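Thanks for making time this morning. I would like to walk through one model with you, taking a sheet and its helices to begin with and then turning to an interface.

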Amino acid sequence: MSWEKSNFFKFLKETMFLAMILLSVYVFPQTGQTIIKPYEDDKWPTPENIIDTQIVKFLSNYGQKLRNPCSDYVFIRRVYLDVTGTLPKPEEIDAFINDKRPDKRRILIDELLDRDEYAMYWTMKWCDLLRVKSEYPINLWPNAVQAYYQWIYQKIRENQPYDKFVRELLTSSGSNFRVPAVNFYRATGGRDPSSIAKAVALTFMGIRFEKLPEQQQKNMSAFFSRVSYKKTSEWKEEIVYLNPETPEKSIKLVFPDGKTVEISPQEDERKIFADWLISPNNPYFNKNIVNRIWAYLMGQGVISPVDDIFQKNPPGTEILELLSKELTKSNYDLKHIYRLILNSRTYQQSSIPAGKQHPDTNFAYYKVRQMEAEVLLDALCWLSGEGEGYVSQIPEPSTYIPKENRTIALADGSITSSFLMTFGRPSRDTGLDSERNNKPTDKQRLYMLNSTDIQKKIRSSPILRKAFSQVWKNRTEAINTIYKVILSRLPTQEEISIIEEYFNNSGLRTDQVVGDIAWALLNSKEFIFKH
Amino acid sequence: MKRIFLLNITLLFVICVSYAHSEQNKSQAKSVIQIWMWGGSSQNDTFDPKPSAGYDYCGPLDKTIPTNVPGIEINASLPMLAKIADKYSIIRSMTHGINAHESAAYYMQTGHKPGTGLVYPSLGAIISLFKGYGKGYNGKIPPYIVLTQSQGRFSEEGFLGPAYKAFATGGDPSQKQFAVEGIVAPGISDQQQIKRRELLQKLDLLGKSIPDDPDFLLFNKAEEEAYEMILGETRKVFDLSEEPDEVRDRYGRNWFGQCCLVARRLVEAGVPYITINYPGWDTHKQHFQTMQRKLAEFDQGLSALIEDLSKRGLLDTTIVWCCGEFGRTPKVDWSPPWNGGRGHWGYCFSAIVAGGGFKGGCVVGESDAKGEYVAKRPVYPEDLLRSILRLCGIDPDEPLPNDKGLDIKVMPYPENYSGEGELKEIMKK
């Protein structure tokens with residue numbers, strides 16, 4: 001009897017299981033595309049914007065359309081990670097899901113762009129690009145790193161117009177401690193005119209200096225030939241200044257686009273160069289930054305790699321022209337560009353591509369990619385209830401970073417840890433985008449799957465402890481809590497039955513089962529990848 | 001007829017060349033074990049005793065013991081090593097003059113003085129570059145292992161980058177289970193590992209939804225490789241329960257002894273570079289009490305390792321080198337608060353080398369009457385490190401491949417070098 005009964009239930013369970021799989025996949029009546037739950041929705045909550053009009057038209061050339069809308073659960077996690085480098089908290093998820101306003105996605109985007117974490121996260125990206133580190137090969141030294149970092153953070157926080165930001169970096173003179181922007185010229189790898197020109201080309205034009213013809217390299221370097229450095233009596237202070245020995249007559253210099261300019265003896269060539277660079281018609285300036293922002297948010301540049309865009313015109317670059325115009329029109333307001341992209345259906349579409357993609361149609365889904373090392377570590381620390389903390393004794397002055405500080409806010413690229421190196425944080429030696437390595441490795445998998453660190457983080461987690469105590473009263477509640485904390489969503493029926501089965505048949509103690517569920521979700525692609 | 005003759009000549013030539021080639025490979029050291037006496041061990045109390053210098057220099061460790069090599073005596077605190085002195089050589093004139101831990105450690109591990117603007121890779125990173133993946137090593141275990149705690153930033157991969165970083169095992173091999181970080185998770189049985197892996201695969205909903213993403217495929221492959229270490233054969237190299245009790249006892253049932261045993265097992269598995277990061281030698285206070293305890297386990301563990309390697313025929317292809325970042329002040333400080341302590345001393349200290357093409361039973365160099373300064377044949381860190389590289393078949397003056405675009409040699413002599421060069425006197429041809 002009992003045997004028959006259990007078999008019957010097994011049969012029932014399996015049938016239900018199949019039915020649920022069938023239920024979770026159905027067809028979106030409007031587009032004819034299959035809806036995959038819990039990642040996709042069947043209705044667009046977002047109106048089409050100017051980006052979408054162009055992208056939809058572009059995709060139609062390939063007989064493709066945008067993918068399904070991502071679900072609200074996917075959206076909140078995606079936009080939190082992309083804008084603030086931070087996971088949404090369970091109460092933030094609840095508030096968003098229960099929000100009935102039709103434009104709640106737009107409201108959330110605005111709110112996130114105003115957060116401190118937005119400034120921290122994007123300062124981190126700028127520091128990668130500007131090579132902010134105290135030691136070899138950049139050698140800014142710790143106190144200059146702090147000054148420079150604070151300056152960049154402040155500018156991002158107050159949303160300084162991008163043209164002013166770049167102009168300050170290119171034209172400042174003074175002490176590395178007191179005029180932090182001059183550190184741009186101290187973080188260029190070498191201090192000769194061609195090393196400086198190389199860094200300028202890479203950072204603000206998105207091109208590889210070394211690929212330019214020799215004459216063009218010489219022409220561009222000439223704008224930086226008077227940049228000089230001197231020490232002061234204060235330890236490690238350095239003044240960046242223009243060599244006052246000017247030529248007696250005016251000189252002729254040639255811009256990278258071939259146009260010439262006459263510079264009189266009193267003028268600062270760097271300013272003349274900045275005037276040329278920062279203008280609406282410059283072929284590099286706007287294109288470089290909007291392509292970079294597109295790549296950060298969409299997972300791949302319209303032109304890739306983002307720092308080698310010279311004379312590359314893959315299909316679809318019209319979208320960069322549109323964004324470039326928007327940048328100028330908005331008075332170089334970078335947040336305007338973020339808003340345009342984040343509020344587009346293109347950004348809000350599903351990360352599940354429709355089968356194999358034509359290489360030109362990368363816009364037709366949101367590209368999955370691993371969280372950055374710093375973001376992943378912060379997420380794990382938040383979960384465990386305890387931050388990392390960093391100490392660097394050498395070089396002096398020694399740096400102490402308390403545990404409360406986020407790793408995304410770590411100013412100095414020279415301060416690192418085995419975790420950060422394992423998960424591919426850039427060394428900030430060159431400013432190349434390829435320095436960050438988000439690709440999975442076996443060492444990363446070993447750490448996540450089997451390290452005592454992860455084990456401890458799960459056991460000590462105050463947020464998960466709630467689930468550990470819930471499990472005795474209400475298993476489903478406990479499972480919901482774990483899912484919301486780790487994956488920012490609720491489990492599907494299918495997932496609940498898999499877990500129920502693990503409770504019933506694994507032969508493990510309840511606390512082991514709960515630990516294993518958290519462990520499995522932490523090791524799922526859905527946790528580790530932005531999606 | 002003529003043609004056959006030519007053919008024969010060619011064949012003979014080919015055989016000779018390949019024979020010479022294999023001979024060359026044979027004589028090369030395949031693995032290196034570094035025993036790093038972190039903190040700096042006393043030369044007087046180990047391999048360079050000075051009994052005639054009196055109590056102020058010797059404290060209670062004022063006796064010497066003859067070794068099995070006529071003419072060589074070492075401190076009586078090392079009786080087991082005294083019996084196998086024919087298997088290793090002693091360098092009594094190591095010197096660099098640096099008395100700060102980090103700078104001295106950096107110099108001893110990289111062969112470069114600090115402060116040049118570059119962070120150079122350690123010997124282990126260089127050897128794992130030349131003898132690691134793609135260079136004849138295919139093991140699942142990383143090619144550069146540190147037992148058990150990482151040595152920190154001044155002694156690792158330097159500008160070679162994270163791919164050449166040492167893998168620090170964590171854990172303690174003298175415990176019931178050697179919990180190698182990432183490979184052996186304490187408290188989780190194999191059964192649970194297998195079950196939860198199944199759970200993970202079942203719950204991988206997003207992965208199943210995007211089966212062809214290239215990053216997801218990489219992720220799956222990395223995970224499979226990780227599980228080969230977690231559940232496969234690979235981890236057995238760390239499982240000391242496979243060793244007979246007598247062997248484990250001979251090495252000493254303590255952290256150091258069992259690390260030596262793991263090191264031997266890693267050599268058998270083909271790992272090119274193993275460091276035993278052996279702390280506790282920075283004895284400013286309580287020096288002699290600490291020495292009496294530590295030297296006993298050191299003597300037992302190291303002698304067991306050298307003997308065992310020799311018995312298994314591995315010593316010819318395995319270099320063992322052992323020293324700290326510096327020595328300790330020969331004159332004991334009896335005043336408070338030291339009350340019988342020894343400070344940092346980089347002017348003259350000892351190192352020992354064994355196997356892999358180093359001759360045994362020799363002494364290189366000489367210190368003065370009290371063991372304070374070098375009297376004969378100074379040996380600088382680069383001399384010792386270059387000799388090890390040379391025996392590993394790596395020319396210290398060849399270019400060091402790197403992705404930083406640096407035009408740099410493996411380990412050149414510094415400018416204004418005034419030493420006497422590599423340790424030719426104890427290197428077999």
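**Sheet and interface of chain B**

In this predicted model, strand S4 of chain B, residues 88-94, pairs with S12(B) in the parallel sense over two bridges, and the bridge partner of B:Ile91 within S12(B) is B:Val364. Helix H11 of chain B, residues 287-311, packs on the sheet, where it touches S1, S4, S7, S8 and S11 of that chain, and its direction makes about 165 degrees with that of S8(B).

Stepping back to the whole sheet, eight strands of chain B form an open arrangement in the order S6-S5-S7-S1-S8-S11-S4-S12, with mixed pairing; the edges are strand S6 (167-168) and strand S12 (363-364), each of which pairs on one side only. Helix H4 of chain B, residues 101-110, lies across S1, S4, S8 and S11, running at about 165 degrees to S1(B).

Now to the interface, where 46 residues of chain B are in contact with 54 residues of chain A. The area buried between the two chains is about 4,600 Å², with carbon and sulfur atoms giving 64% of it, and on the side of chain B the residues losing the most area are B:Leu203, B:Leu206 and B:Phe219, together 15% of what that side buries.

How many salt bridges does the rule find across the interface of chain B and chain A? It finds six, and among the salt bridges in the model is that of B:Asp213 with A:Lys367, whose closest N and O atoms are 3.0 Å apart. Helices H6, H7 and H8 of chain B each supply at least two residues of the side that touches chain A, and H8(B) gives the most, with 12 residues. By class, that side of chain B has 24 nonpolar, seven polar and 15 charged residues.

Notes. Residues numbered from 1 in each chain as written. Chains lettered and ligands numbered in written order. Predicted model: local features only at pLDDT ≥ 70, side-chain atom pairs only at ≥ 80, totals over all residues. Heavy atoms only, no water. Pairing = 2+ DSSP bridges. Helix = DSSP H or I, 4+ residues; strand = E, 2+ residues; numbered from the N terminus. Contact = heavy atoms within 4.5 Å. Axes fitted to C-alpha atoms, helices over the stretch in contact; angles between N-to-C directions. Buried area = accessible area lost by both parts, 1.4 Å probe. Salt bridge = Lys/Arg side-chain N within 4 Å of Asp/Glu carboxyl O. Nonpolar A, V, L, I, M, F, W, Y, C, P; charged D, E, K, R; others polar.
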